[in-house]
Amino acid sequence: MTHQKKTWFYLFSAPVIIALFIVVVIPFFYGIYYSFTDWNGVSEAALVGFSNYSKLLKDQEFWTSIWFTTKFAFVAIFLINAIGLGLALLVTNKFKGANLLRTIFFMPNLIGGLILGFIWQFIFINAFSAIGDVLNSTGLKTWLSTPETGFWAMVIVMCWQMSGYVMVIYISYLQSVDDALLEASDLDGASAFQKFWHVKFPLIMPGFTVSLFMTLSNSFKLYDQNLSLTNGGPYKSTQMVAMNIYNTAFLENKMGYAQSKAVIFFLCVAIISLTQVYLTKRKEVEA
Amino acid sequence: MLNKRMKKIGSGILLAGFTLTTLAACGNASETNNSAAGASGTDEGASGEVVEIDIFQFKVEFKDQFEALAKQYEAENENVKINIETVGGGSDYGAALKSKFSSGNEPDIYNIGGPEDVTMWVDNLTDLSDTEAANQALEGTLTGATKDGKVLGLPYNIEGYGVVYNKAIFEEAGIDATTIKTLTDLEAAAETLDSKKEELGLDAPFALAAKELWITGLHSGNAFLNAEFDNDVMKAFDSKTVEFKYGEQFQKYIDISNKYSVQPANSLDYSQQIEQLFSNGKVAMTQQGNWVYPTIASVNPELAENIGLLPIPIDGVTEGTIPVGVPMYWGVNPNGSEAEVQASKDFLDYLYTTEEGKRIVLEDFKFVPAYKGYDTEKISDPLSKDVYTYYTEGNTTGWVFMGYPAGWGEQTLGAEIQKYVAGEATWAEVEEVAKAKWAEERE
């Protein structure tokens with residue numbers, strides 16, 4: 001890099017780097033410090049060593065929420081990517097209305113998570129039970145009042161919101177697949193499935209890296225829909241980690257303890273997502 | 001190739017995002033500077049200089065009326081400027097207040113909830129014993145905000161809750177509501193209503209909104225823990241343990257509520273309970289307080305005029321009573337200049353002790369006043385009237401839930417009640433978990 005180029009490089013990246021430091025890096029280290037204190041959000045914080053962490057190990061509720069979040073994330077990631085890829089394959093076919101469908105599939109993503117949660121809460125409780133009345137099925141009337149329905153309700157809403165988004169990512173990768181390769185495979189007599197599996201699929205592998213990472217981190221960090229849809233209920237069985245941390249911090253006024261939970265949570269998510277990126281990166285091929 | 005392009009696009013988006021955040025941050029910072037400059041300008045406290053009072057308050061319901069009052073006060077006192085900011089919702093207010101303090105943008109007047117808040121904010125609260133309002137406060141309304149003999153908060157108003165019932169439906173079913181004093185009476189009434197629910201057009205007699213943890217955990221629980229702590233919020237606050245001395249009756253109350261409720265109770269929230277079910281006459285009674293009147297009136301004005309409050313009693317102990325208490329206190333921040341502290345006190349005195357202030361509190365805010373010297377005939381809505389009647393007749397118990405360990409009422413008791421309602425836990429387990437958590441928090 002020439003000298004001048006370097007200057008421009010730093011000049012342009014400075015705002016980002018400064019912002020990143022102020023809103024992410026510095027608070028992050030502050031957070032680690034606070035996780036060793038008994039800070040309640042107002043009075044002076046006193047250092048308490050590792051006692052927050054040792055308490056954490058015995059906190060049944062926290063580990064339940066970690067387990068619930070993990071279950072949720074795996075189901076959601078699988079379904080969102082399957083549906084998203086399916087939709088992408090559908091709308092990259094040339095037929096009338098394909099563009100319109102793209103817009104429609106993407107639209108749920110434009111609605112904020114909180115509002116989405118409240119709308120779906122209405123659907124699950126009122127619309128489902130109205131259908132339940134007609135069909136005389138009790139299963140449809142108890143939505144959101146049992147742990148299982150709460151879980152699946154959140155999965156449904158998450159899929160509904162995120163599938164359109166990952167669809168757009170997959171579309172961009174699918175469109176960049178070289179037509180010459182597809183033509184060649186046609187000449188070799190490949191079936192539609194073979195074309196997908198052996199030609200398109202390996203080429204859109206980078207798309208998986210991006211989409212899996214996005215859905216993974218979004219599913220783990222989910223808070224807004226959790227809040228508006230179930231608010232952790234019934235009896236905290238659908239409480240995700242973010243909500244558990246928020247409640248510890250702001251309802252029980254234990255900022256230090258909540259922060260130690262956040263640190264552990266960060267480590268879990270970092271390990272899982274880095275592993276995922278590493279694994280999927282290895283599978284990427286250059287066309 | 002493509003990968004690279006995507007990365008570029010990605011970093012572009014990130015850049016845009018971060019720029020936005022920085023801009024937003026800048027906006028905030030400059031705002032803070034402005035108000036800081038305004039505040040320091042008044043440090044001299046010289047007459048004629050404008051004193052700015054920043055009020056950060058919690059009650060969304062009376063935001064407009066409160067702002068109108070502030071305008072009026074500004075007009076009458078030319079050297080005072082009042083800035084009001086309102087953030088509603090229990091936990092959100094607390095979180096917002098904390099961030100205000102830690103960002104250095106401290107309000108002059110803010111709200112505190114009870115002993116737990118007082119302990120937390122004690123270094124940031126002024127002694128208000130010398131205000132006129134503190135002298136005029138009704139007996140017992142200052143207890144929750146008094147520490148070491150200092151009055152650190154002035155009550156907003158008093159509120160009460162019980163079983164809100166629909167008088168028309170009770171009449172139609174032939175039930176005399178005035179005779180309902182005990183749990184047994186309440187159960188009998190529910191049974192009668194249940195047997196006639198087709199004719200009365202009811203979905204069920206009762207709506208138990210178990211999804212709202214504050215309704216069950218804070219309010220229902222309070223009604224049955226009151227007697228254990230002698231109705232004294234400070235006793236609850238200082239207690240190392242909770243016994244559930246009247247746990248059996250508590251269970252009975254939840255059982256009655258649940259048995260005669262619209263199901264599934266665990267998915268009933270506040271809006272369904274009040275707006276959809278009660279306001280439309282789909283249930284005849286539900287546990288709530290006088291604060292729901294405006295909501296009911298907005299859905300069904302006619303029905304709203306014909307409702308009342310039934311007791312939540314412990315048989316043989318607190319028959320015929322409802323719990324009445326102070327929901328929120330005004331605290332004054334001592335970290336401001338002398339002039340600001342004085343102006344804040346004057347403003348609160350004006351609000352609660354002058355004739356004009358009293359009129360506004362009663363007629364515009366529609367409060368049940370927590371102070372002496374009000375023309376209580378003017379309390380307009382039926383629920384507040386009932387609360388006041390219970391109060392003057394001495395048929396009230398306290399609000400000890402303000403002295404629960406932080407988060408215990410909702411996150412522990414409320415959640416355990418959901419488990420019980422769903423049949424996932426026995427009542428003994430509910431009590432056991434709640435007792436253990438209380439003891440743990442108070443170690």
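**Burial, folds and contacts**

Analyst: Of the 443 residues in chain B, 49% are buried, a residue being called buried if 20 or more other C-beta atoms lie within 10 Å of its own, exposed if 12 or fewer, and partly exposed in between, with C-beta atoms placed from the backbone. In chain A, which has 287 residues, 36% count as buried. This is a predicted model, in which local features need pLDDT of at least 70 and side-chain atom pairs count only at pLDDT 80 or more, while totals for chains, interfaces and linings use all residues. Residues are numbered from 1 along each chain as its sequence is written, and chains are lettered from A and ligands numbered from 1 in the order in which they are written.

User: Why does A:Asn253 count as buried?

Analyst: A:Asn253 has 23 C-beta neighbours inside 10 Å, and the label requires 20 or more, so A:Asn253 counts as buried. This residue sits in the loop between α11 (241–251) and α12 (255–283) of chain A, and its phi is near 55 degrees, a positive value in a residue other than glycine.

User: What makes B:Asp230 exposed?

Analyst: B:Asp230 has 12 other C-beta atoms within 10 Å, and the label applies at 12 or fewer, therefore B:Asp230 is exposed. B:Asp230 belongs to the loop between α9 (213–225) and α10 (233–238) of chain B, and although not a glycine, B:Asp230 has a positive phi of about 50 degrees.

User: How many helices and strands are there in chain B?

Analyst: Chain B has 19 helices and 13 strands, where helices (H or I, at least four residues) and strands (E, at least two) are DSSP runs numbered from the N terminus.

User: Which residues of chain B are joined by a cis peptide bond?

Analyst: The cis peptide bond joins B:Gln263 and B:Pro264, with omega about -10 degrees, and B:Pro264 lies in the loop between α11 (247–259) and α12 (270–278) of chain B.

User: How many residues of chain B are in contact with chain A?

Analyst: 29 residues of chain B are in contact with 24 residues of chain A, contact meaning that the C-beta atoms of two residues, placed from the backbone, lie within 7 Å. The largest share of the side of chain B that touches chain A, 7 residues, comes from α1(B).
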